[in-house]
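Hello,

Here is the structure we spoke about. Please have a look at it first; my notes follow below.

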Amino acid sequence: MRVLLLSNTTTLSLSSLPPPRTPKSPIRSNFRRNSINWAEKALIGALGGALSFGLLVSSPSSSIAIEFSSSSSVQVPPFSQPPEFCSEDEGDETAELGSEPAVTSEGIVEEAWEIVNDSFLNTSRSRSFTETWQRKREDIRSSSIKTRSKAHDTIKRMLASLGDPYTRFLSPEEFSKMARYDMSGIGINLREVPDDNGDVKLKVLGLVLDGPAHSAGVRQGDEVLAVNGLDVKGKSAFEVSSMMQGPNETFVTIKVKHGNCGPIQSIEVQRQLVARTPVSYRLEQIENGTRSVGYTRIKEFNALARKDLVTAMKRLQDMGASYFILDLRDNRGGLVQAGIEIAKLFLNEGETVIYTDGKDPEYQQSIVADTAPLVTAPVIVLVNNSTASASEIVASALHDNCRGVLVGDRTFGKGLIQSVFELRDGSGVVVTVGKYVTPKHKDINGNGIEPDYRNFPAWSDVTQHLSRCNMLQRG
């Protein structure tokens, strides 16, 4: 089983998760014993429009990695016999596939039921949910589900009964398309794997077959040691993926260690980026040319957003900008991790970006800024009713931490987190598992965020507003 963590935006993000919990049902226990450890088949993803994925939260049952294809399709070249003290503890995944038990239609339906039972966040607060959902299981066990088509139809009806528009079934074809996301531009995705010493290794656990990295010699399970000669120790998967990005058809050199014990190799890979910069900017003069305002617009939060915004902000500062406008109108979200990293650019170290809340305690987290802000000048954030999800995370972080004022209309109000779980026949279920809560503990979902001003204020009013806000924050 693979797991994608989602949120209501447009693309994906990576983070590491804690070890999986012990499965609760005989079905899942049997699956874990006899097939690939599904805790190593996870990914965070994102959909466009009404839904998107990516969040820094823990899946209730797995760690993170994006796998673009089954590892059985990737042939890892043989290496010399490792020394006795080196243990290839990850094993040969393809060898395990042969022992996987037959997948029954009834088992697929019950697996979907159990995932919802363990992880679904009931936002309707219906008191009868638990009792009703338990009856669903009895109905499943008393029904005859002999074909895969009937199993899928049963899962669709079962999920529809939850009344949650985001919890739904994915056919094998739909799940396969979702798993082919590439945020590095060279066809790999990385997973943060803790080792026995408490350090974190970055391993390739998502590989596009015949993509640039695979064609150049990178293999599933390789550990990334350096990018363009820069040691990546201590960096996150997101940071290292960003380091791999660059103009289309240029080259990046990555140093990898093949497997746990294999040789170290520097590999030159030609980039094939599809992402385009979502950031535009310009300098505007106000107050008869005595002050300058740096205007930046982010169309979506893709893999290039943070890096390109940093470039834009630095250039505007060099050009003399003393105020900033961040335009998030009609930005329906995107890569939630990118939104979080962009919010951190404006916050003081230790200030809260966002809270996450869910049925499982592992989804109950707070995400905070960990460095000094890139800019400290007053910021106006432009929003409207199409400002959604990752954009709302940025807007609420600046607003609640007194770093910016919101101008425009109430935002859309998409604040739910979904996980996409792969079932054993290659299909999947999208399940609402959590929600976002602003630094001031306001629920975004269904509510949106009210602006401070409907019309563009004078910059003197902005400065006074932020000053009062900070005074109230300090008590």
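**What turned up**

C402 is buried, with a relative accessible area of 2%. This residue sits in the loop that runs between α11 and β16. C402 is not a glycine, yet its phi is positive, at about 60°.

Bear in mind that this is a predicted model.

D330 also has a positive phi, near 65°, and is a residue other than glycine. Its place is the loop between β12 and α10.

One more loop residue is worth a look. N384 lies between β15 and α11. N384 is buried, at 11% relative accessible area. The C-alpha atom of N384 is 8.8 Å from that of P451, although 67 residues separate the two along the chain.

**The sheet**

Now the strands around those loops. An open sheet is built from five strands, in the order β10-β11-β12-β15-β16. Its pairing is mixed. Which strands form the edges? They are β10 (279-286) and β16 (404-408), and each of them pairs on one side only. From one strand to the next, the twist averages 25°.

Inside this sheet, β12 (residues 323-327) and β15 (residues 379-383) run parallel. Four bridges hold the two strands together. D327 has L382 as its bridge partner in β15.

**Two hairpins**

Strands β8 (residues 251-257) and β9 (residues 264-270) run antiparallel and are joined by seven bridges. F251 pairs with Q270 in β9. Six residues lie between the strands of this hairpin, and G259 takes a positive phi near 65°.

β13 and β14 make a hairpin too, with six residues between them. Here β13 (residues 352-358) and β14 (residues 365-368) are antiparallel, with four bridges. Look for T356, whose bridge partner in β14 is Q365.

**Helices**

How are α10 and α11 arranged? Helix α10 (residues 336-344) packs on helix α11 (residues 390-400) at an angle of about 20°, and the axes are 8 Å apart. The two helices are therefore roughly parallel to each other, as angles under 35 degrees are classed that way. The crossing of α10 past α11 is right-handed.

Helix α8 (residues 237-244) is another one to find. Six of its eight residues are buried, so α8 is largely enclosed by the rest of the structure. The buried ones are A237, F238, V240, S241, S242 and M244.

**Aromatic rings**

The count of aromatic pairs comes to five. One of them is W113 with W133, which is stacked: 6.1 Å centre to centre, with 5° between the planes. W113 belongs to helix α3 (residues 105-119) and W133 to helix α4 (residues 129-142), so this pair ties together parts that are 20 residues apart in sequence. Both tryptophans are buried: W113 has 1% relative accessibility, and W133 has a relative accessible area of 2%.

F456 and W459 form an edge-to-face pair, because their planes stand at 75° and their ring centres are 6.3 Å apart; the cut-off for that class is over 60 degrees.

Ring pairs link W113, F120, F129 and W133 into it.

**Arginines over rings**

R282 lies over the face of Y295, 4.1 Å from the ring centre. R332 lies over the face of F412, at 5.0 Å from the ring centre.

**Where to start**

I would open the view on C402, which is buried. Then turn to the stacked pair of W113 and W133.

Best wishes

How values were computed. Residues numbered from 1 in each chain as written. Predicted model: local features only at pLDDT ≥ 70, side-chain atom pairs only at ≥ 80, totals over all residues. Heavy atoms only, no water. Pairing = 2+ DSSP bridges. Axes fitted to C-alpha atoms, helices over the stretch in contact; angles between N-to-C directions. Phe/Tyr/Trp six-rings, centres within 6.5 Å; stacked < 30°, edge-to-face > 60°. Buried < 20%, exposed > 50% of the residue type's maximum accessible area, 1.4 Å probe, protein only. Lys NZ or Arg CZ within 6 Å of the ring centre and 35° of its normal. Parallel < 35°, antiparallel > 145°, perpendicular 65-115°, else oblique. Left-handed = near helix turned anticlockwise from the far one by under 90°.
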